[in-house]
Amino acid sequence: MSRAEAGPASLYHRAVVYLLFAILVLPLLGTFVYSIASSWSATILPAGFTLKWYVQLWSDPRFLMAFGQSLLVCVGALVLSVVLILPLLFVVHYHFPRLDALMNILILLPSRCRRWCRRWGCCNSTAPGHWRWWARRGS
């Protein structure tokens with residue numbers, strides 16, 4: 001079926017996808033415009049645009065150090081997962097197929113633990129009693 005034969009249903013689906021895309025992109029675009037605005041008050045558009053804030057941010061040594069550490073952690077986690085976990089998955093899948101189900105459980109376990117912790121409140125910082133424990137910790 002070609003695009004011309006798809007009819008109004010395809011047009012409707014395409015319109016919904018574009019609308020959802022716009023809903024997701026507009027806040028990001030607004031935040032970017034606000035970040036390059038020189039001054040913005042009581043008007044629809046800012047009075048002017050400047051990159052002064054970005055120059056100031058990228059010249060701050062504290063930001064550069066924090067950004068570098070974040071990149072180091074990100075790249076380290078990526079390299080560790082590629083070097084250790086990817087070969088392990090191939091070995092288990094091809095040489096030990098009976099362990100494939102166990103590997104699937106281990107892969108899904110972090111997302112399940114997060115959901116269980118949220119449901120029961122054991123890992124939640126707003127769980128009852130959490131702040132009392134935190135306050136007693138210093139004494």
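Predicted model: local features only at pLDDT ≥ 70, side-chain atom pairs only at ≥ 80, totals over all residues.
I start with a cut-off: a residue counts as exposed when its relative accessible area is over 50%.

**Entry 1: alanine 42**

I looked up alanine 42 with that cut-off in hand. Its relative accessibility is 89%, so alanine 42 counts as exposed. Next I asked where alanine 42 lies. I found alanine 42 in the loop between β1 (37-39) and β2 (48-49). I then checked the backbone: phi of alanine 42 is near 55°, which is a positive value in a residue other than glycine.

**Entry 2: the whole chain**

How many helices and strands does the chain have? I counted six helices and two strands. Reading from the N terminus, I get the order α-α-β-β-α-α-α-α.

Of the 139 residues in the chain, 6% are buried. Among contacts with a separation of 6 or more, residues 24 or more positions apart account for 0%. The chain exposes about 12500 Å², and carbon and sulfur atoms supply 72% of that area.

**Entry 3: a patch on the surface**

I went looking for nonpolar side chains on the surface. A nonpolar patch there includes Val75, Leu78, Ile85, Phe90 and Tyr94. Together, the residues of the patch have about 1100 Å² of accessible area.

Isoleucine 85 has its place in helix α4 (residues 61-95).

How values were computed: Residues numbered from 1 in each chain as written. Heavy atoms only, no water. Helix = DSSP H or I, 4+ residues; strand = E, 2+ residues; numbered from the N terminus. Buried < 20%, exposed > 50% of the residue type's maximum accessible area, 1.4 Å probe, protein only. Contact = heavy atoms within 4.5 Å. Areas by Shrake-Rupley, 256 points an atom, 1.4 Å probe, with all protein chains shown as cover. Patch = residues over 30% accessible without salt bridge, like charges linked within 9 Å, V, L, I, M, F, W, Y side chains within 5 Å. Salt bridge = Lys/Arg side-chain N within 4 Å of Asp/Glu carboxyl O.
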